Amino acid sequence: MQKFYTWTISLCIIVSVIQINASRNCSISGLPSKYKFLHDLSGTWKSVSSQAKQLFLINICHGLQHSDQTAIECPPGTAVCRTEFKGTVTATENIGNFISTPVIHLANDTSHGFDMTFQSTTRCPASPNVNLSTTILFQCGNTMGSPEFLDKIDCTYYFRWITSGACLNLPFDHAKIEVPCYVYDELNRKRDLTPLIKLAGGYPVQNSTEEIYINVCRNILVKSFLNYYYGCKDESSACIINKDHKNIGQPVDPPQYRNGSIYLRYETNEIYEKCMQRSIVTTIIFQCGKAAKHTGPRLTRSVSECQYIIEWITEYACPVDNLLIRNTCNLTTADGYYLDLNILKNPKYDYSVTNYRTFSSIYFNVCSPSRLPSCGQEDSTQSQSNAVCQIYHIGGQKYRGGSFNSMKLRYVDEKLSLMYDHGSPCSNGLNRSTIILFQCDIFTDIGFPIFREEDSCTYYISWSTKYACKRKIGSPFPPYCSYKDTLNNFTYNMIPLQRIYDRYTVKTDSNQTIELNICDRIWQSSCGQSDPK
């Protein structure tokens, strides 16, 4: 059973939450009381494997009930229900009975969490003397997460659920309010806003006469009274920073997908006379795309301090498959540009940065396993795949900061990041991970990494280099848009003046309009499509 945790299985998964506010209690007998956040997972969840055309309904806390309004009738007393689509016919079967005492297996270390098995009364076609069953592998995570179907082995269906509900302790100063943070569009493509969730603090909202801050799918968590957000009510997901730190909403339901956009609605618990005895409502509308002029959330409308409409153009609102690349260090963007970090791979030794707060050094490689394979308690397989190693200066403790086998490359909103997951466990069960944030700098060749912070068992490292600059395939590296002053031996970088999916407009004295761009074509031009070169 333990070997299953090390498998890497690639499937196309569609997951969504059908009902989340069913009941806040979730008592599972046999599970140690230290797992006290399992109630976050109360409600009915949906998982779909598009390869097998199977839909799964899961409710571990109370079992599936007709009130879930799924339009699918599962057998009574079911915790996990499988539905198979055969033309116009829908067949359902019980693959896990609901019971308050499922079979619990605790892993040998907290990073693997625990697994929960539900037996059914449905006979297995492959072994008529055996009943079908479902095993869900739980691991600690920073967010609620969602169950992902992995595979069917013999007569058992396996799911993985990386979730804060499986943590021993949560690194939050006060209770969090959170809703699932993803949707599926009309083509069953997942659009996931989870990477936008801030574990502390919020995002400033532009185009507002007031200082508005928001978080995504979660309340604004404040670490100490020294934080700028201190004074926002604990439940605030949207807050106006003034003398009163006014709450203008908290998450009520998961986001909804409508007409190509994702809608996230916040409401206050209180009602106000000036709002006609109604709550204050803040609606955030996420649109898939590249922000031309403004990045981040932008206020588009406010009504009598009772309604706030915020628009956010971001590639995180696009299908997930377009944003994340696994186990490779190069990618081609949708507009034909190329990025390749393989040149940063060091065949001789690791890069290192220092965390002066914890008096430790972090050794890592890029696009390659670490040259320090022996790092902490691990088996030989983990040693070979180790990507990051943290070594304390005093005491010499070693912890893995991520596995090379879990490497992911992401290029979203013109930001390039390399991620390593599945490192050594922290005290609360979270696996350590490392995120390297690359910045395009056409005047720096290889450059060097800089340690930024360690937060919630994640190491953040920044790195400025020209290899993080996108370029056309076959074209030389930047600077391809610069001016060199030979008299003063100084080069001017013009790329920051580039307008992406936009253009500059200038009005002349004769009331003519001149359109232009710098370092790129003129996008959305009234003169027609310009030469991309």
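**Exercise 1.** State how many disulfides the structure holds, and work out which parts of the chain the pair Cys124 and Cys155 ties together.

*Solution.* The model is a predicted one, and it holds 10 disulfides. Next, place each partner: Cys124 sits in the loop between β7 (114-123) and β8 (131-140), while Cys155 sits in the loop between β9 (148-153) and β10 (156-163), so the pair ties together parts that are 31 residues apart in sequence. Finally, the torsion about the S-S bond is about -80°, so this disulfide is left-handed.

**Exercise 2.** Decide whether the link of Cys440 and Cys469 is left-handed or right-handed, and whether Cys469 is buried or exposed.

*Solution.* The sulfur atoms of Cys440 and Cys469 are 1.9 Å apart in this disulfide. With 100° about the S-S bond, the link is right-handed. For burial, the cut-off is that a residue under 20% relative accessible area counts as buried; Cys469 has 2%, so Cys469 is buried, whereas Cys440, with 43%, is partly exposed.

**Exercise 3.** Identify which residues have the most contacts inside the largest nonpolar core, and list what Val216 touches beyond its neighbours in sequence.

*Solution.* The largest nonpolar core has 33 residues, and those with the most contacts inside it are Leu193, Leu196, Ile214, Val216 and Phe286. Leaving aside neighbours within four places in sequence, Val216 is in contact with Cys181, Leu193, Leu196, Ile197, Tyr203, Leu264, Tyr266, Phe286 and Trp312. Apart from this core lies another, of 31 residues, with Cys155 among them.

Note on methods. Residues are numbered from 1 along each chain as its sequence is written. This is a predicted model: local features need pLDDT of at least 70, side-chain atom pairs count only at pLDDT 80 or more; totals for chains, interfaces and linings use all residues. Side-chain values use heavy atoms; hydrogens and water are left out. A nonpolar core is a set of buried Ala, Val, Leu, Ile, Met, Phe, Trp, Tyr and Cys residues joined through side-chain atoms within 4.5 Å. Buried means under 20% relative accessible area, exposed over 50%, partly exposed in between (1.4 Å probe, protein chains only). Contact means heavy atoms within 4.5 Å. A disulfide is a pair of cysteine sulfur atoms within 2.5 Å. Helices (H or I, at least four residues) and strands (E, at least two) are DSSP runs, numbered from the N terminus.
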